Amino acid sequence: MPVRVLLVDDEPLVRAGLRAVLEAQPDIEVAGEAADGAAVIPLVRRLRPDVVAMDVRMPLLDGIEATRALLRTVAEPPKILVVTTFENDEYVYEALRAGADGFLLKRARPAEIVHAVRLIAEGESLLFPASVRRLAAEYGESGGNRAARAELERARLTEREGEVLRLMARGLSNAEIAARLMVGTETVKSHVSAVLAKLGARDRTQAVITAYESGFVAPG
């Protein structure tokens, strides 16, 4: 089954460019388009996309609020890929904190766009881990976020789960973590699932942000 993508951007040229790149791939299908975040929820319910590629800044409802509304309202929400002009942008970090699974630069090359959509859909690795780390260092409350610290303490991660979380923060995939720890991939998947469940995290990105903001992993 192809990965179904919903494009949300107030610039028609951006949507057209993304559509051209994505529809050139046999395993990706553009399910629909919207010009503002306010249209996301009804379209998601009707089209059931796997990934929403959404501009972080839009005139009526921006990508941050649209992400919050989508995750709050839809029972089984799609993955959310924030599309942005500037990489080092507080809006991007707020979107990640709100629940977005990753971000993509509008100036990205076609191969990077395709890779981002596939990686977000698979959910087995962190997209642009170095950039997420830089954003956390600049805009996060590294070690000073009481809620994140309390969340991590309540999680009571085992030593191995903590090790897996640190490797997730470095951007390693399940297969790479398995090779590093010399265990099977299914074992790593079980550890990742346990980490996400204990932290109450929707995905790897949210778990890693909690790790940074609690001080469990240093973002610098």
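Two strands count as paired if DSSP finds at least two bridges between them. Keep that in mind as you look at this predicted model. In it, an open sheet of five strands runs in the order β2-β1-β3-β4-β5, with parallel pairing. At its edges sit β2 (28-34) and β5 (102-105), and each of these pairs on one side only. Neighbouring strands in the sheet are turned by 25° against each other on average, ignoring direction.

**Where β1 meets β2**

- β1 and β2 run parallel, and six bridges join them.
- To see one of the pairings for yourself, find V8: its bridge partner in β2 is A34.
- To get from β1 to β2, the chain passes through α1, and this β-α-β crossover is right-handed.
- Helix α1 covers residues 12-23 and lies across both β1 (3-8) and β2. The helix runs at about 165° to β2.
- Is β2 mostly covered or mostly open? It's mostly covered, with five of its seven residues buried.

**Where β3 meets β4**

- Strand β3 takes in residues 51-55 and strand β4 residues 79-84. They pair in the parallel sense, over five bridges.
- If you start at V51, you'll find K79 of β4 standing opposite.
- This pair has a helix lying across it too: α3 (residues 63-73), which runs at about 150° to β3.

**A closer look at E161**

- You'll find E161 in helix α8, which spans residues 159-169.
- Is E161 buried or exposed? Its relative accessibility is 7%, and buried means under 20%, so E161 counts as buried.
- Which residues does E161 touch, leaving out those up to four places away in sequence? They are R156, H191, A194, V195 and K198.

**How α8 packs against α11**

- Two packed helices are described by the angle between their axes and the distance between the axes.
- For α8 and helix α11 (residues 204-214), the axes come within 9 Å and cross at roughly 105°.
- Angles from 65 to 115 degrees count as roughly perpendicular, so that is the label for α8 and α11.
- On the α8 side, the residues that meet α11 are L165, M168 and A169. On the α11 side, they meet R204, A207, V208, A211 and Y212.
- What kinds of residue make up this contact between α8 and α11? There are seven nonpolar, no polar and one charged.

How values were computed: Residues numbered from 1 in each chain as written. Predicted model: local features only at pLDDT ≥ 70, side-chain atom pairs only at ≥ 80, totals over all residues. Heavy atoms only, no water. Helix = DSSP H or I, 4+ residues; strand = E, 2+ residues; numbered from the N terminus. Axes fitted to C-alpha atoms, helices over the stretch in contact; angles between N-to-C directions. Contact = heavy atoms within 4.5 Å. Buried < 20%, exposed > 50% of the residue type's maximum accessible area, 1.4 Å probe, protein only. Right-handed = clockwise from strand over helix to strand, strands pointing away. Parallel < 35°, antiparallel > 145°, perpendicular 65-115°, else oblique. Nonpolar A, V, L, I, M, F, W, Y, C, P; charged D, E, K, R; others polar.
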